[in-house]
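The questions below ask how labels attached to a structure follow from computed values. Each answer sets a value against its cut-off.

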Amino acid sequence: MKTITVFTPTYNRAYCLHKCYESLLQQSNQDFVWLIIDDGSSDNTEALVKSWIDENTIDIQYHYQENQGMHGGHNAAYRLIETTLNVCIDSDDCMGENAIQKILDAWEIIKDKPEFAGIVGLDADTKGNIIGTKIPQHITETTLYDLYHTHKVQGDKKLVYRTEVVKKYPAYPIFEGERFVPLGYLYQLIDQEYTLLPVNEVFCEVEYMPDGSSMNILKQYRRHPNGFAFSRKSRMQQAKNFKDRFKNAIHYVSGAIFLKNGAFIKESPKKFITVIAIPFGILLNLYIRFKTKNEF
């Protein structure tokens, strides 16, 4: 069995998926499986992937499901993965140069240390520029929360998890009529019990596409209020200080307004903070409505 699964949820991305494929072909270490989760594509994704499977150059697994959104793709991947490690490379991104080898080198450091959930590495753009900032060299272990809030690291980072760890936790919820739940929900849960090994190596080359989630976050917020409200309730529970709890309460209130949920205070895990966040949540809701008014 291979050591790591690279999984890629994809939806109508046949026009760019080849870049991910080519980056995997170029890996110096081929100790991986590429798991493609086709989340209900209506383009030629299936035929394209079949042609790559027929080439038999790298180990590819293909799974089709009805469209559930990015988090539904992650749910399917975590059900199907059997390798020791896993990493998500999005359909518009590429595996970094020699990234598989870099991940496995880091894995050797922690594979016998069960307190580590996995590894956190860097993302870079297509020109090789680090997204955000590097990780301070003195940090030898961290949670994802502390990476951003204590060590003040900025920008997207790439997570590599032990598969046995992610399988311990509940799947992302699927809300009828919605296709988005922030992926950070799972990472927050893992943070409560495990740490990560930080590595200042590029694992992923990213390209923020016009149709991607990162470029459409306010529209996602409005289209998928149940998913965002669910995430914010979890974040309020896991936050380590008042500032973070309050910020998430503001977003929770805004989502409740979109949902027309009159019971949002009763359902909040932090009722007092939610009450004092109401005026700010109203303002945030109005701002999102204004910024997305031409989309709805």
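Q: What makes Phe246 count as buried or exposed?
A: Phe246 has a relative accessible area of 18%. Buried means under 20% relative accessible area, exposed over 50%, and partly exposed in between, with a 1.4 Å probe and protein chains only. Phe246 is therefore buried. The model is predicted: local features need pLDDT of at least 70, side-chain atom pairs count only at pLDDT 80 or more, and totals for chains, interfaces and linings use all residues. Residues are numbered from 1 along each chain as its sequence is written, and side-chain values use heavy atoms, with hydrogens and water left out.

Q: Why is Phe242 called partly exposed?
A: The relative accessibility of Phe242 is 42%, so Phe242 falls in the partly exposed class.

Q: Why is the pair of Phe242 and Phe246 called stacked?
A: Rings of Phe, Tyr and Trp (its six-membered ring) pair if their centres lie within 6.5 Å; planes under 30 degrees apart count as stacked, over 60 as edge-to-face and the rest as tilted. The ring centres of Phe242 and Phe246 are 5.7 Å apart and the planes stand at 10°, so the pair is stacked. Phe242 and Phe246 are four residues apart in helix 10, which means about one helical turn between them. Helices (H or I, at least four residues) and strands (E, at least two) are DSSP runs, numbered from the N terminus.

Q: What makes Tyr221 and Phe258 an edge-to-face pair?
A: Their centres lie 6.3 Å apart and their planes are at 65°, so the pair is edge-to-face. Tyr221 sits in helix 8 (residues 217-223) and Phe258 in helix 10 (residues 242-259), 37 residues apart, and the pair links distant parts of the chain. Tyr221 is buried at 5%, and Phe258 is buried at 14%.

Q: How many aromatic pairs does the rule give?
A: The count is 14 aromatic pairs. Ring pairs also link Tyr172, Phe175, Tyr185 and Phe230 into a cluster.

Q: Why are the buried residues of helix 1 said to line one face?
A: The buried residues are Leu17, Cys20, Tyr21, Ser23 and Leu24. The arc is that of the directions from the helix axis to the C-beta atoms. Down the axis of helix 1, these residues fall within 160°, so they line one face of the helix. Their cover includes strand 1, strand 2, helix 2, strand 3 (60-65) and strand 5 (94-95).

Q: What makes Glu66 exposed or buried?
A: Glu66 has 58% relative accessibility, so Glu66 counts as exposed. Glu66 lies in the loop between strand 3 and helix 3 (70-80). Not counting residues up to four places away in sequence, Glu66 touches Asp39 and Gly40, where contact means heavy atoms within 4.5 Å.

Q: Which strands are the edge strands, and what makes them so?
A: Two strands pair if DSSP finds at least two bridges between them. Strand 3 and strand 5 each pair on one side only, and they are the edge strands. The open sheet has eight strands in the order 3-2-1-4-7-6-8-5, with mixed pairing.

Q: How do you know that strand 4 and strand 7 pair?
A: Three bridges join strand 4 to strand 7 (residues 157-162), and the two run antiparallel. Leu85 stands opposite Arg162 in strand 7.
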